[in-house]
There are 2 protein chains.
Amino acid sequence: MPTSARKQREIAEREERIVDVALGLLVEQGYIGLTMDKIAAEMEYSKGTIYQHFKSKEDVVAAILSASGEIRAKLFERAATFEGHSRERMGAVGVAAELFYALYPHHEQAENLVRAHSIREKADSKRTEFCAACEFRCFGVATGILRDAVAGGEIEIAPGQTVEQIASGLWSLYVGAFKLRDHGRFLEDEYLSDPLPGLLRNAQMFLDGCGWKPLSTEHDYLASRERALREIFPDEARRAGLA
Amino acid sequence: MPTSARKQREIAEREERIVDVALGLLVEQGYIGLTMDKIAAEMEYSKGTIYQHFKSKEDVVAAILSASGEIRAKLFERAATFEGHSRERMGAVGVAAELFYALYPHHEQAENLVRAHSIREKADSKRTEFCAACEFRCFGVATGILRDAVAGGEIEIAPGQTVEQIASGLWSLYVGAFKLRDHGRFLEDEYLSDPLPGLLRNAQMFLDGCGWKPLSTEHDYLASRERALREIFPDEARRAGLA
DNA sequence: TCGATAATTGACGGATAGTCAAGTCTAAAC
DNA sequence: GTTTAGACTTGACTATCCGTCAATTATCGA
């Protein structure tokens with residue numbers, strides 16, 4: 001007797017609700033405050049039912065990460081559709097990253113947890129593989145734009161250099177800036193608390209150093225950023241307070 | 001009746017041993033495998049005695065982080081003594097970061113754990129403040145060199161730009177590269193597994209973009225790196241397999 | 001040797017992850 | 001409408017681990 005379609009739908013909806021509830025607990029009370037009993041209580045289901053969906057607490061965190069990971073991948077893919085020259089399009093991807101960090105600040109924390117060996121292996125491999133696939137999609141968007149730039153002659157790749165290296169550099173600048181922001185909040189450092197101006201400038205310095213044309217001295221990338229916010233991410237920009 | 005000097009020394013030595021044992025467990029079995037009972041068993045002391053030294057399990061992790069954090073700060077401060085022009089000196093700091101990541105790969109994981117709000121607040125604030133102070137020292141080394149560069153006219157700081165921003169950029173490139181390396185290991189991505197060549201090049205691109213003279217086209221920074229390894233970090237380079 | 005204080009112990013309380021036997025519900029067959 | 005097989009749900013239970021503290025042992029000056 002296979003489960004009916006209606007029941008299947010109910011189960012899928014319940015799984016989404018569990019992830020929502022768990023996310024709320026994670027954001028409000030941190031990893032320690034996230035317990036399976038609390039999830040079950042808030043869901044008004046028994047713990048056993050929660051374990052029908054997830055094989056462990058870490059698996060729940062992996063599911064949270066999968067959800068936001070896919071959102072990020074979609075934001076990146078939308079960013080790549082921005083109309084403009086290749087470096088402007090990469091700028092739009094940067095906008096996507098900004099918006100993602102603003103709207104889903106929990107993602108970084110969940111990622112750190114899932115990445116720890118001992119924790120990762122307790123999550124369902126299907127879920128961790130999905131998370132990895134989402135990251136690949138994001139990385140692929142960046143390297144794709146870079147390959148377009150190479151084909152269009154807007155950037156030259158030196159011997160021994162690769163588009164993956166440059167994408168890694170940009171990725172590092174963004175991840176590092178937001179990591180510093182979180183750290184700065186804890187340290188109550190004013191000059192680190194808003195990383196955006198410095199981040200945007202650093203990314204321009206890096207791409208200028210790579211010789212990606214037009215250089216930041218030849219084009220107004222702040223205007224491009226505004227256009228990307230307006231044309232591609234009007235809703236997200238409003239929700240993030242950047243509109 | 002104050003504790004005798006001998007006893008105090010024994011206690012201090014025992015605390016170091018606890019941190020060592022805990023580090024071994026963390027590296028071998030991860031955060032989940034690190035338990036107070038195992039520490040006590042391996043130490044051949046009771047759990048109560050361990051709690052004489054540390055107020056919680058998270059406090060032990062904070063102590064691990066303190067130990068490697070101070071090592072890093074000392075490496076950075078030694079790097080700043082490198083004889084050369086300002087950008088070469090910053091390169092030596094990069095060498096220090098490379099060596100640190102190679103020799104103390106657990107640091108990143110411990111840092112992620114301690115940084116999580118719910119975990120941090122269970123550690124002794126003295127210890128977390130010490131960790132923060134070590135990071136400040138590292139950051140201060142970088143900004144100090146940058147200020148020297150400004151004073152010497154080797155770099156110009158544009159309006160709205162700060163030396164802290166540039167230091168953040170470099171810091172991000174390094175942290176991000178090693179984070180990608182760990183991630184790449186998990187994903188079994190060959191092209192991400194050795195981040196060093198790409199990292200060195202990316203750092204040069206970034207500093208070239210900042211206009212820090214002499215540019216990478218005007219000076220052989222790989223030779224400077226070799227010299228820093230030889231002159232400042234011969235022991236560490238050997239231990240890290242970079243000599 | 002004795003007594004006071006410091007140091008150590010490990011059993012215990014409380015909390016939480018994860019299991020599973022027992023019970024409930026669903027829907028198809030008659 | 002009734003039956004019934006099997007899917008679904010439950011919550012008590014086990015195991016594990018953190019952190020405590022009353023009891024015990026060690027130390028050292030008098």
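A rotation of 180° with 0.0 Å of shift along its axis brings chain A onto chain B with an RMSD of 0.1 Å, the copies being superposed by least squares on the C-alpha atoms of residues with pLDDT of at least 70 in both. The two copies are therefore related as by a two-fold rotation axis. Both use the same surface, since 100% of the contact residues of chain A recur in chain B; two residues are in contact if their C-beta atoms, placed from the backbone, lie within 7 Å.

The model is predicted: local features need pLDDT of at least 70, side-chain atom pairs count only at pLDDT 80 or more, and totals for chains, interfaces and linings use all residues. Residues are numbered from 1 along each chain as its sequence is written, while chains are lettered from A and ligands numbered from 1 in the order in which they are written.

**Chain A as a whole**

- The secondary structure of chain A consists of 13 helices and 0 strands, where helices (H or I, at least four residues) and strands (E, at least two) are DSSP runs numbered from the N terminus.
- Along the principal axes, the C-alpha atoms of chain A occupy a box of roughly 65 × 45 × 35 Å.
- Chain A has 243 residues, of which 41% count as buried; a residue is buried if 20 or more other C-beta atoms lie within 10 Å of its own, exposed if 12 or fewer, and partly exposed in between, with C-beta atoms placed from the backbone.
- Of the contacts in chain A between residues at least 6 apart in sequence, 66% join residues at least 24 apart.

**Domains of chain A**

- Chain A is split into domain 1 (1-53) and domain 2 (57-239), with bounds that come from an automatic or database domain assignment.
- The centres of these two domains of chain A, taken over C-alpha atoms, are 30 Å apart.
- Domain 1 of chain A contributes 7 residues to the contact and domain 2 of chain A contributes 8 residues.
- On the side of domain 1 of chain A that touches domain 2 of chain A, helix α1 (residues 5-33) gives the most, with 6 residues.
- That side of domain 1 of chain A comprises 7 nonpolar, no polar and no charged residues; Ala, Val, Leu, Ile, Met, Phe, Trp, Tyr, Cys and Pro count as nonpolar, Asp, Glu, Lys and Arg as charged, and the others, Gly among them, as polar.

**Arg201(B)**

- Arg201(B) belongs to helix α11 (residues 196-210) of chain B.
- Arg201(B) counts as buried because it has 20 C-beta neighbours inside 10 Å.
- Leaving aside residues up to four places away in sequence, Arg201(B) touches Gln161(A) and Gln165(A).
- Arg201(B) and Leu222(B) are 21 residues apart in sequence and 10.0 Å apart in space, C-alpha to C-alpha.
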